[in-house]
Every structure is written in C-alpha cells, then in structure tokens.
Amino acid sequence: MELTILYRGPLASCDYDCPYCPFAKRRDSREQLRADRAALERFTAWVAAQTGDRVSVLFTPWGEGLVRSWYRRAIVELAGLEQVRRVAIQTNLSGRTRWLAEAPAAARERIALWCTYHPGQTPYERFLARCEELKGLGVRHSVGIVGLDDHLGEAHRLRAALADEVYLWVNAAEGHTYTDEEADRWTAIDPLFPYSRHPHRSAGLPCRTGESVISVDGEGTVRRCHFVRAELGNLYDGSYRRALGPRTCPLAVCDCHIGYVHLETLPLYDVFAGGVLERIPAALPLSPVAATGTRGD
Ligand code: SF4
Ligand code: SF4
C-alpha cells in the first residue's frame with residue numbers, strides 16, 4: 001500500500017516570535033518535550049516495521065521541530081528505510097544544517113525541507129545562507145513566505161537571490177483579503193499564488209485524505225487530515241486500515257495547502273508531481289500560466 005502520513009505530535013513550542021502565530025515563543029515543559037520525543041520514536045518504529053508498504057511522511061509540527069534532536073534523528077532514520085519514499089518537514093530553518101551533511105547520501109536524497117522565511121525573526125542573510133547550504137548539500141527544499149504587505153520587498157529580494165530551480169511559494173495571510181492588484185503582485189513572485197489566495201470550496205468534493213493520505217497525532221490517532229476531527233482509528237492497533245477508502249470532504253472549505261493539495265478536483269498532484277509533500281513543483285522555473293484557470297475556489 002502507498003500511504004502518505006502527515007504527522008503532528010504534541011510539540012507546540014517555537015524559537016521564533018512571529019506576530020501571526022499562536023505558537024510564537026511558546027515553551028513546552030520538560031515533560032511535554034519528553035512526551036513528544038517518545039511519541040515520535042514510537043511513530044518512527046512503526047514506520048520501520050511497515051516493510052510491505054511504501055510510506056511518505058510530512059512532519060507538520062505546531063512549532064519548530066528541527067531545533068529538537070529527535071526530529072533530526074527521526075528524519076535521518078526514516079530516510080534510511082527502504083519503504084520510505086520521502087520524509088519532509090515544515091521548518092523555519094533556524095537550526096544548523098550539519099545534521100543533513102552527516103546523513104548517508106542515499107538517505108539524504110529522500111529528505112526534503114519545506115522552509116518558511118519569517119522576516120523580522122531572522123536576518124535575511126542568515127536565512128539565505130541556510131538555503132545555500134541546503135542547495136550545496138543537494139537536499140530538496142522549497143522556500144516560502146507569508147503574503148503580508150510588509151514582506152513584499154523581502155520576497156522580491158529572496159526570489160532574485162534564489163536559483164530559478166528553487167520554488168518560492170507565497171501563502172495568503174490568514175483572514176486577509178487581497179485586491180486583484182495585490183494578488184497580481186504576489187503572483188508575479190509565485191505563479192501558484194492564486195491557489196492560496198482564497199479558501200477552496202471543498203464540500204462534497206473527492207479528496208485523497210482518508211484513502212491514501214492520513215493525519216496522525218502523538219497518540220497514534222488517525223484522522224483523514226488535520227482539519228476534519230472525525231477519527232478513523234489508531235495507527236498502532238491497525239484499526240485505521242479498515243476505515244481507509246474514497247471519501248468526499250465534509251467541510252465547507254479547505255484553506256491550507258497541506259489540505260487542498262490532496263483535493264482530486266485540483267490539478268496539484270500534477271503540478272507538484274514528485275514533490276507534493278515538500279511543495280516542489282515538477283517543472284521549475286514556473287511560468288505564469290501554471291495557475292491560469294485552475295483555481296478551485
Ligand atoms: S516560525 Fe512558524 S511556528 Fe514559529 S512562531 Fe513563526 S509561524 Fe509560528
Ligand atoms: S479538502 Fe481539505 S478539509 Fe477536506 S478532507 Fe481534504 S484536506 Fe481535509
């Protein structure tokens with residue numbers, strides 16, 4: 001079986017202080033960190049035992065995972081498993097990249113980073129230098145930014161500095177409405193911005209989550225995605241397997257890339273073929289026509 005897993009454990013702390021984030025500078029207690037580590041190790045061991053499946057994993061922690069040694073270790077371990085096609089993580093890229101250099105080359109090819117630049121939280125030069133390190137190491141990565149007016153200059157600067165083969169995505173800011181003129185400015189940087197601009201109407205539409213894609217928390221509770229709360233079973237007792245099957249979305253809208261990328265009515269599995277989890281389009285650099293007429297909202 002081919003299975004894509006979005007994993008989110010109890011970790012909910014971050015070393016950054018983004019004004020648009022509830023996890024800014026939150027601290028986990030030692031006990032919470034211990035629980036997060038134990039949950040992640042249990043998950044890693046489970047994946048290691050799935051020798052008959054093909055598994056892809058995206059870590060989507062509430063906070064920052066790569067500043068914790070157990071996430072770095074889990075990624076290298078998972079990438080070394082034959083049954084793992086890809087292991088990716090969303091990160092602010094605040095940590096060093098040395099751990100990636102230490103991963104065996106074959107494992108490194110399976111690792112991917114979804115990196116978000118948060119202006120004001122880290123010097124531009126430092127973030128760019130980390131991106132250069134990833135490029136030098138040959139680690140797959142996408143780079144992105146939240147589409148706030150204050151970020152526009154930095155986004156242009158970053159786009160100009162990154163190689164054409166590095167995708168710079170722009171996420172619509174939560175609760176923000178864009179005029180056509182504003183949207184055009186962001187689309188000039190990320191031709192796929194129209195997909196992010198509005199929430200996608202998803203009610204009753206077929207979505208791969210709950211069939212080939214699942215969300216797993218630290219307890220092993222399986223849901224179809226991070227947004228639909230209904231449980232499908234548990235990963236560790238195998239009960240989730242019986243529940244897998246084609247389904248339509250029960251929610252009115254889906255407004256997060258890690259959700260709507262799996263909507264079958266959108267062409268995003270083609271756009272991101274080979275890089276769905278880490279948000280890397282199949283053909284780079286993108287042309288502005290990539291998004292024309294395909295918006296699902
Ligand atoms: S880096 Fe991410 S998790 Fe951390 S405060 Fe900023 S948005 Fe939140
Ligand atoms: S469309 Fe979004 S909210 Fe609906 S099931 Fe799929 S991922 Fe979940």
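Of the elements around the second largest pocket, strand E1 gives the most to the lining, with 3 residues. Before going further: this is a predicted model, where local features need pLDDT of at least 70, side-chain atom pairs count only at pLDDT 80 or more, and totals for chains, interfaces and linings use all residues. Residues are numbered from 1 along each chain as its sequence is written, chains are lettered from A and ligands numbered from 1 in the order in which they are written, and side-chain values use heavy atoms, with hydrogens and water left out.

Back to that pocket, then. Element labels here are DSSP runs numbered from the N terminus, with helices (H or I) needing at least four residues and strands (E) at least two. A pocket is worked out on a 1 Å grid over the protein atoms alone, as an open set of points with protein on both sides within 12 Å along at least five of seven lines; a cavity is a set where a 1.4 Å probe fits but cannot get out, and lining residues have an atom within 4 Å of a point. Volumes are the space filled by probe spheres set on the points, and points are joined across faces, edges and corners. The second largest pocket comes out at about 400 Å³. E1 and E3 are the elements that give two or more residues to its lining. There are 16 lining residues, and Glu2, Thr4, Ser56, Arg85 and Val276 lie nearest the centre. By class they split into 6 nonpolar, 6 polar and 4 charged, where Ala, Val, Leu, Ile, Met, Phe, Trp, Tyr, Cys and Pro count as nonpolar, Asp, Glu, Lys and Arg as charged, and the others, Gly among them, as polar.

Buried here means under 20% relative accessible area, exposed means over 50%, and partly exposed is in between (1.4 Å probe, protein chains only). E1 runs parallel to strand E2 (residues 54–59), and 6 bridges join them; two strands pair if DSSP finds at least two bridges between them. Leu3 stands opposite Val55 in E2.

Now for the largest pocket, which holds about 1300 Å³ of space. Strands E3 (84–91), E4 (111–116) and E6 (168–172) each give two or more residues to its lining, as do helix H8 (193–197) and H10. Its lining has 41 residues, with Tyr20, Val146, Asn171, Glu174 and Cys256 nearest the centre. They divide into 21 nonpolar, 14 polar and 6 charged.

Ligand 1 takes up space in this largest pocket, by the rule that more than half of a molecule's atoms must lie within 2 Å of the grid points. Around ligand 1 you'll find Cys14, Tyr16, Cys18, Cys21, Ala24, Trp62, Gly63, Asn92 and His118, where being near takes a heavy atom within 4 Å. That shell has 6 nonpolar, 3 polar and no charged residues.

The largest cavity has a volume of about 90 Å³, and ligand 2 sits in it. Of its 14 lining residues, Cys207, Thr209, Cys225, Cys249 and Cys254 lie nearest the centre. Strand E13 (253–254) and helix H10 (257–260) each supply at least two residues of the lining. The shell around ligand 2 includes Ser202, Arg224, Val228, Leu251, Gly259 and Leu263, and divides into 7 nonpolar, 3 polar and 1 charged. Arg247 is found in strand E12 (residues 247–248) and is partly exposed at 25% relative accessibility.

The second largest cavity is about 60 Å³, and among the residues lining it are Glu64, Arg96, Trp99 and Leu93.

Leu93 brings us to the backbone. Most residues other than glycine have a negative phi, and most peptide bonds are trans. Leu93 has a positive phi of about 60°; it lies in the loop between E3 and helix H3 (98–101) and is buried at 4% relative accessible area. Lys25 has a positive phi too, of about 50°, but Lys25 is partly exposed at 49%. Finally, the peptide bond from Leu284 to Pro285 is cis, with omega near 0°.
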